[in-house]
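Work through the exercises below with the sequence and the model open. Try each task before you read its solution.

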Amino acid sequence: MSDINNTRKDFKILGGEKPPIYFDTACMSLRPDRVVAAMDEYYLEYPACGGRSAHKLADRVTKKVKEVRKNVAKFINARSDKEIIFTRNTTESINLLAYSFPFKKGDVVLLSDKEHNSNLVPWLLLRDKIGIEVKIIPGRQDNTFDLEKFKEMVSGVKLVSMVHTSNLDGVTNPAEEIIKLAHEAGVLVLLDCAQSMAHQKIDVQSLDADFIAFSGHKMLGPAGTGILYGKIKLLESLAPFMVGGDTVSDTTYENYQFLEVPEKFEAGLQDYAGIIGLGEAIKYLEKMNFKEIAEHEFKLNTKLTEALSKFSQIKIIGPADPKLRSSVVSFYIPGKEMHQIAVMLDEMAGIAVRSGRHCVHSWFNSRNILNSVRVSFYFYNNEEEVETFIKTLEKILKIL
Amino acid sequence: MPCIVALIVFGIMGIFSASQRALAKEAAACVFRRVTFRACNTGFADKVKGKLLAKVLQRSTFLAKVLNKYYEIFSWIFFILMLGSTIWVLRGVYNFYVFGSCNGLNASGFCAFDPSGANNKVTEVNGSSESCGITPKIEKNITLKNVELSSFPSLAVAGAKDTVVFIGCYDCDYSRKAYPDIKKLITKKKANYIFAHYPAKGNITDLLANVGYCVYHDYPDKFWDWNSYLFATDKDYILDPKNMDAMLAKFNFDVKTIEECAGSPGTKEAVAAQVKELNKTGIYGTPTIFINGKAFVGPKPYRVYRSAINKFIFF
């Protein structure tokens with residue numbers, strides 16, 4: 001097991017005299033040097049196609065990709081590596097399902113009220129294209145999930161597509177209960193695990209999730225990598241929406257023969273370097289203790305939450321209890337543009353935070369809130385960085 | 001307002017840099033939203049403000065507070081100053097194009113496009129030494145009003161609306177520089193043309209003035225070739241009296257007659273009268289070129305003369 005206090009050395013960017021204070025993991029995590037090295041190794045030593053050519057270089061790629069697929073399956077405790085489809089990111093994973101799933105007019109897709117655009121727009125588009133119905137479960141006053149409301153609304157739904165941990169406020173929805181209730185109502189569930197995968201142990205069998213989607217770039221992996229997990233039987237029943245290169249075993253001028261799952265969903269030449277990098281990231285994460293990560297993030301979150309609560313003008317999005325917001329502290333000042341504060345934090349102390357609506361425009365619009373600053377932690381952050389953040393923010397607030 | 005300022009600044013910088021071009025685009029999007037009465041939602045204005053405030057805040061909380069409070073006012077002030085300086089720069093560019101100097105016609109202040117002031121340099125007419133410095137004199141004192149030019153060599157073009165008067169000296173480098181452009185101008189623009197030789201360097205050029213007077217008198221058709229020859233030939237050669245016979249012979253002039261004419265008191269008086277007449281213009285150096293009465297002192301780029309003929313001068 002890796003020592004959480006000794007991980008910063010694994011990230012070159014965090015070395016040096018004045019490293020950045022990186023509080024934007026919810027957007028994209030940093031990568032350990034070994035992830036980059038693994039990708040370098042691919043490009044420098046065996047930069048070939050996987051699953052096609054017969055030469056040694058290609059064979060090495062094929063083996064590596066297969067190994068990563070197995071590691072991903074093991075990482076989320078999937079029954080088979082066939083349940084792992086490589087995509088470019090969570091957005092693509094969700095779109096893949098949206099366009100492969102046999103929806104018909106009138107089918108209902110149920111979402112929470114703080115879905116990332118990647119889990120909202122595909123459904124709205126399907127609504128406009130084929131006439132599915134999109135229903136939103138309103139959250140509680142404190143922005144937590146309303147399970148009672150969910151119970152009322154789940155009946156008659158075709159698919160529940162739900163964020164696991166919100167990128168807006170860090171609140172983790174009760175996935176187990178949601179899935180259980182949905183299954184009792186005969187409804188399938190897609191879980192958007194983009195934010196949760198790197199911060200908590202996800203066991204798809206224990207959760208009994210039908211589909212989950214996540215991105216490599218939020219879990220120490222390279223950008224441009226994502227996964228769609230699906231139960232094998234379900235995946236086999238879906239028709240691929242993007243086809244062509246790979247995806248088929250044979251074609252004539254009149255016909256085609258699809259490959260088996262998962263290849264039938266992986267159209268075109270894959271990002272082998274990315275997949276290999278993702279594999280390395282998973283190896284790294286497997287050595288981490290997720291409980292320790294959660295405790296560390298909670299400690300940082302508590303420290304920041306306590307400091308922010310001293311400023312009367314600051315409003316934290318989500319529940320007051322930092323324990324419920326895992327690694328995220330998203331805050332705003334009513335009527336103020338928060339981009340300015342984010343820029344000042346960066347200029348004054350090299351603090352990288354996200355400002356804006358975090359691709360959850362719908363939530364901000366419905367509440368008439370301009371935008372927020374989002375601080376998101378990971379195991380490579382420390383208390384000293386939080387203290388610098390607080391001191392810098394104090395200075396900024398003095399002049400606003 | 002900060003968006004407009006940013007658009008102008010980054011727009012100009014964007015000509016040279018792709019990264020600045022991207023910022024200019026962001027600023028343009030912001031301006032577009034503002035002029036269509038919508039809030040700027042690109043975050044650009046906040047980014048700019050944030051960067052500025054951060055820099056000031058690291059030095060003084062008080063100043064940062066003031067800047068934050070009066071940011072819009074400061075932006076307006078900056079905008080007005082920038083607008084003023086932009087107009088000033090544009091005026092300079094315009095002046096340089098049409099007058100050859102950023103500061104206006106014959107104005108001698110520093111001009112970034114002509115740092116050596118070459119377009120204003122003249123051979124002073126009040127002394128024998130060639131002064132290459134920039135003189136503070138201005139063209140408004142120079143005029144053709146009440147100056148009688150009928151005795152000078154002239155070329156009239158039927159129907160021509162423009163008149164060019166070239167006052168130059170064969171021994172003046174700047175006149176020699178300007179001469180080909182003036183020749184080209186009157187050919188291309190079909191303008192009436194009057195040439196006046198001003199013996200700017202005293203005795204040394206007097207002889208050429210006198211000979212020129214006689215050549216024009218006796219051979220008016222050949223005068224222009226003679227004139228062009230003198231401007232194009234090495235100065236030391238044309239100024240050496242020993243070469244005069246050969247030069248006159250080259251054009252098949254009656255050498256003896258011309259020399260007698262040039263040495264006659266009548267010619268000297270006539271040339272002196274011409275110089276006296278030219279002095280009435282108030283010129284302070286050669287070349288001085290009048291185009292439709294407007295004086296251009298010093299060897300201007302050709303486009304300046306062309307602009308004057310084309311009536312491109314608005315101010």
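**Exercise 1. Describe how helix α11 of chain A packs against helix α13 of chain A.**

Step 1. Find the helices, which are DSSP runs of H or I with at least four residues, numbered from the N terminus. Helix α11(A) covers residues 339-349, and helix α13(A) covers 383-399.

Step 2. Take the distance and the angle. The two axes come within 10 Å and cross at roughly 120°. Axes are lines fitted to C-alpha atoms, for helices over the stretch in contact, and angles run from 0 to 180 degrees between N-to-C directions.

Step 3. Classify the angle. α11(A) is therefore oblique to α13(A) (under 35 degrees is roughly parallel, over 145 roughly antiparallel, 65 to 115 roughly perpendicular, the rest oblique).

Step 4. List the contact residues. α11(A) gives Ile341(A), Met344(A), Leu345(A), Met348(A) and Ala349(A), while α13(A) gives Thr388(A), Thr392(A), Leu393(A) and Ile396(A). Contact means that C-beta atoms, placed from the backbone, lie within 7 Å.

Step 5. Sort them by class. Seven are nonpolar, two are polar and none is charged (Ala, Val, Leu, Ile, Met, Phe, Trp, Tyr, Cys and Pro count as nonpolar; Asp, Glu, Lys and Arg as charged; the others, Gly among them, as polar).

A note on the source: this is a predicted model, where local features need pLDDT of at least 70, side-chain atom pairs count only at pLDDT 80 or more, and totals for chains, interfaces and linings use all residues. Residues are numbered from 1 along each chain as its sequence is written, and chains are lettered from A and ligands numbered from 1 in the order in which they are written.

**Exercise 2. Trace the open sheet of chain A.**

Step 1. Order the strands (DSSP runs of E, at least two residues). The seven run β2-β8-β7-β6-β5-β3-β4, with mixed pairing. Strands pair if DSSP finds at least two bridges between them.

Step 2. Find the edges. β2 (84-87) and β4 (133-137) of chain A each have a single partner strand, so one side of each lacks a neighbour in the sheet. From one strand to the next, the twist averages 20°.

Step 3. Check one pair. β7 (211-215) and β8 (226-230) of chain A are antiparallel, with five bridges. Ala213(A) stands opposite Leu228(A) of β8(A).

**Exercise 3. Which elements of chain B give two or more residues to the side that touches chain A?**

Step 1. Count both sides. Chain B gives 15 residues and chain A gives twelve.

Step 2. Name the elements. They are α3 (44-57) and α4 (61-69) of chain B. α3(B) supplies the largest share, nine residues.

Definitions and conventions:
Contact = placed C-beta atoms within 7 Å.
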